[in-house]
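Good morning, everyone, and thank you for making time for this short talk.

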Amino acid sequence: MAFEYELNPFWKFLFSFCSVAMLSRESARGTMGRTNELTLNQSSLIGHMVIVKCNLCHRQVHYLAADLAELLGPQRRVFSLPFRCEKCRKSDYLLISVRIPDSRDFGKIILRRPAGIKKVLLWKEERLR
Ligand SMILES: [Zn+2]
């Protein structure tokens, strides 16, 4: 299965100077204030993956924060995303978390990434005028 992941320029810069230990979730929390206020823009600058897990059916999906920021808006809060489980269709059991990918993740984690937008033509009935 193809796997594609490209670090953003901010992250490449950071990798060149910092140890992996500095790239923890705690360091992100320290620089960005309270974690639950984290926006998708901030999360994408850090290089986060957003992990959405359904505690009902145990389905788990990994997204890139940068993809979500582009689709849902950069100011949206990471922990209030408008998701529901694609398997059981429930939203009450979702647990959203973020983390920075480490060296063990590359080549293993399957990301859910945008693959295009499908347009749907809608029809309505109308009287001839
Ligand atoms: Zn589910």
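Which residues of the largest nonpolar core touch the most other members? Before I come to that, two remarks on how to read what I say. Residues are numbered from 1 along each chain as its sequence is written. What you see is a predicted model, so local features need pLDDT of at least 70 and side-chain atom pairs count only at pLDDT 80 or more, while totals for chains, interfaces and linings use all residues.

Now to the core, by which I mean a set of buried Ala, Val, Leu, Ile, Met, Phe, Trp, Tyr and Cys residues joined through C-beta atoms within 7 Å. Of its 13 residues, the ones that touch the most other members are Met49, Val50, Tyr63, Ala65, Leu68 and Val78. Two or more residues come from each of strand S1 (49–54), strand S2 (60–64) and helix H4 (65–72), and H4 gives the most, with four residues. Helices (H or I, at least four residues) and strands (E, at least two) are DSSP runs, numbered from the N terminus. A residue is buried if 20 or more other C-beta atoms lie within 10 Å of its own, exposed if 12 or fewer, and partly exposed in between, with the C-beta atoms placed from the backbone.

Stepping back to the whole protein chain, we find four helices and three strands, which follow the pattern α-α-α-β-β-α-β along the sequence. Of the 129 residues, 18% count as buried.

Let me turn to the sheet, where two strands pair if DSSP finds at least two bridges between them. The three strands form an open sheet in the order S2-S1-S3, with antiparallel pairing. S2 and strand S3 (94–99) stand at the edges, each with a single partner strand, so one side of each is left without a neighbour in the sheet. S1 pairs with S2 over five bridges, and within this pairing Ile51 stands opposite His62, while Val52 has Val61 as its bridge partner. On the S3 side, S1 pairs over six bridges, and there Lys53 stands opposite Leu95.

How does H4 relate to this sheet, and which strands does H4 touch? H4 packs on the sheet and touches S1, S2 and S3, its direction making about 75 degrees with that of S2; here axes are lines fitted to C-alpha atoms, for helices over the stretch in contact, and angles run from 0 to 180 degrees between N-to-C directions. In H4, the residues Ala65, Ala66, Leu68 and Ala69 are buried. They cover an arc of only 165 degrees around the axis, which puts them on the same side of H4, the arc being that of the directions from the helix axis to the C-beta atoms. What covers these buried residues includes helix H3 (40–46), S1, S2 and S3. Ala65 itself touches, among others, Leu40, Met49, Val78 and Val98, where contact means that the C-beta atoms, placed from the backbone, lie within 7 Å.

I will finish with the loops. Most residues other than glycine have a negative phi. His58, however, has a positive phi near 70 degrees and lies in the loop between S1 and S2, where His58 is exposed, with 11 other C-beta atoms within 10 Å. Arg89 likewise has a positive phi, near 65 degrees, in the loop between H4 and S3, and Arg89 is exposed, with 10 other C-beta atoms within 10 Å.

Terms used: Contact = placed C-beta atoms within 7 Å. Lists of a residue's contacts leave out its neighbours within four places in sequence.
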